Amino acid sequence: MKIKDLEFKKFFTAARIADKVTALAKQIYTDYNGKNPLFLPVLNGSFIFAADLIRQVNLECRVSFVKHASYQGTASTGQLKTLIGLNESIFNQDIILVEDIMDTGLTLSKVVEELRGLGTRSVEIVTLIRKAPARQHAVQPKYIGFDIDDEFVVGYGLDYDGLGRNLPDIYKAVGNPS
Ligand code: IMP
């Protein structure tokens, strides 16, 4: 499968992703039983994962969306932008950040820091994918779908230069794109 200049091959099938999402939803349901968490999917990449996950968490909960951007093409620009879109009251809330993929972990650690400074009761992360570099970071997700090497992936919400988000399966780039 080709997107622009890059060749991709299948990595996780839609069925495998679905099983993983169900398992993550069960864990979250168990841990947050009796609480009313606020899910904060981090746009754009997490929109499909968040939709599938949250529909399986049978708790009274709220959902709001936040956005930041640190990526252009396949390599992190290292330029972090602050969170936008947070117009819910998050004081005293149990926040669950929903992320598609953690690469360096830099973007999310900044978001977590920002949220903790706003009087939240708790802030946890659920990420569908954690890449190898993120494992070195101080801020770690409580819930992880797949741990992968330093691969560039697309599909199921993840993009390569804006393309590939609509693919039901997840693909990895062949060779080293960066
Ligand atoms: P980090 O700050 O380096 O952890 O970058 C996280 C963000 O970069 C994710 O939310 C994605 O939007 C994007 N990203 C990182 N790796 C990939 C990838 O393999 N495919 C598509 N987007 C990625």
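**Group meeting: a walk through the model**

Okay, let's start with P37: its relative accessibility is 1%, so this proline counts as buried. By buried I mean under 20% relative accessible area, with exposed being over 50% and partly exposed in between, using a 1.4 Å probe and protein chains only. P37 sits in the loop between α1 (14–31) and β3. Helices here are DSSP runs of H or I with at least four residues, strands are E runs of at least two, and both are numbered from the N terminus. The C-alpha of P37 is 6.7 Å from that of Q93, although 56 residues separate the two along the chain.

Before I go on, some housekeeping. This is a predicted model, so local features need pLDDT of at least 70 and side-chain atom pairs count only at pLDDT 80 or more, while totals for chains, interfaces and linings use all residues. Residues are numbered from 1 along each chain as its sequence is written, and side-chain values use heavy atoms, with hydrogens and water left out.

How many residues surround the ligand? There are 17, and the closest are D103, T104, G105, T107 and V153. To be near a molecule or strand, a residue needs one of its heavy atoms within 4 Å of it. Sorted by class, that shell has 7 nonpolar, 4 polar and 6 charged residues. For the record, nonpolar is Ala, Val, Leu, Ile, Met, Phe, Trp, Tyr, Cys and Pro, charged is Asp, Glu, Lys and Arg, and the others, Gly among them, are polar.

Which elements each supply at least two residues of the shell? Those are β8 (94–102) and α3 (106–116). The largest share, 4 residues, comes from β8.

Now some contacts to the ligand. The side chain of K131 puts an N or O atom 2.9 Å from a ligand oxygen. D100 has a polar side-chain atom 3.1 Å from an oxygen of the ligand. With V153 the backbone takes part: one of its N or O atoms lies 2.7 Å from a ligand nitrogen. And how much of the ligand does the protein bury? Taken alone the ligand exposes 500 Å², and the protein buries 92% of that. Those areas come from the Shrake-Rupley method with a 1.4 Å probe; for residues, only the protein chains shown count as cover.

Staying with strand β8, D94 is in there too. At 3% relative accessibility, D94 counts as buried. The D94 side chain makes a polar contact with the side chain of R121, at 3.0 Å. A polar contact is a pair of N or O atoms within 3.5 Å; within protein, one must be able to donate a hydrogen and the other to accept it, and residues adjacent in sequence count only if both atoms are side-chain atoms.

On to the rings. The structure holds 4 aromatic pairs. F11 and F12 have ring centres 4.3 Å apart and planes at 20°, so that pair is stacked. The rule for Phe, Tyr and Trp (its six-membered ring) is centres within 6.5 Å, with planes under 30 degrees apart called stacked, over 60 edge-to-face and the rest tilted. F11 is partly exposed at 24% relative accessibility, while F12 is buried at 5%. F12 also stacks with F146, 3.9 Å centre to centre and 15° between the planes. F146 is buried, as is F12. Elsewhere, ring pairs link F8, F152 and Y160 into a cluster.

K172 lies over the face of F11, 4.6 Å from the ring centre, and the charged end of K35 is over the ring of Y32, 5.7 Å from its centre. The cut-off is NZ of Lys or CZ of Arg within 6 Å of the ring centre and within 35 degrees of the ring normal.

Most residues other than glycine have a negative phi, and most peptide bonds are trans. L43 and N44 are joined by a cis peptide bond, with omega about 5°. N44 lies in the loop between β3 (38–43) and α2 (47–54). K4, not a glycine, has a positive phi of about 50°, and its loop runs between β1 (2–3) and β2. For D161, phi is near 50°, again positive. D161 is in the loop between β11 (153–154) and β12 (170–173), and is partly exposed, at 38%.
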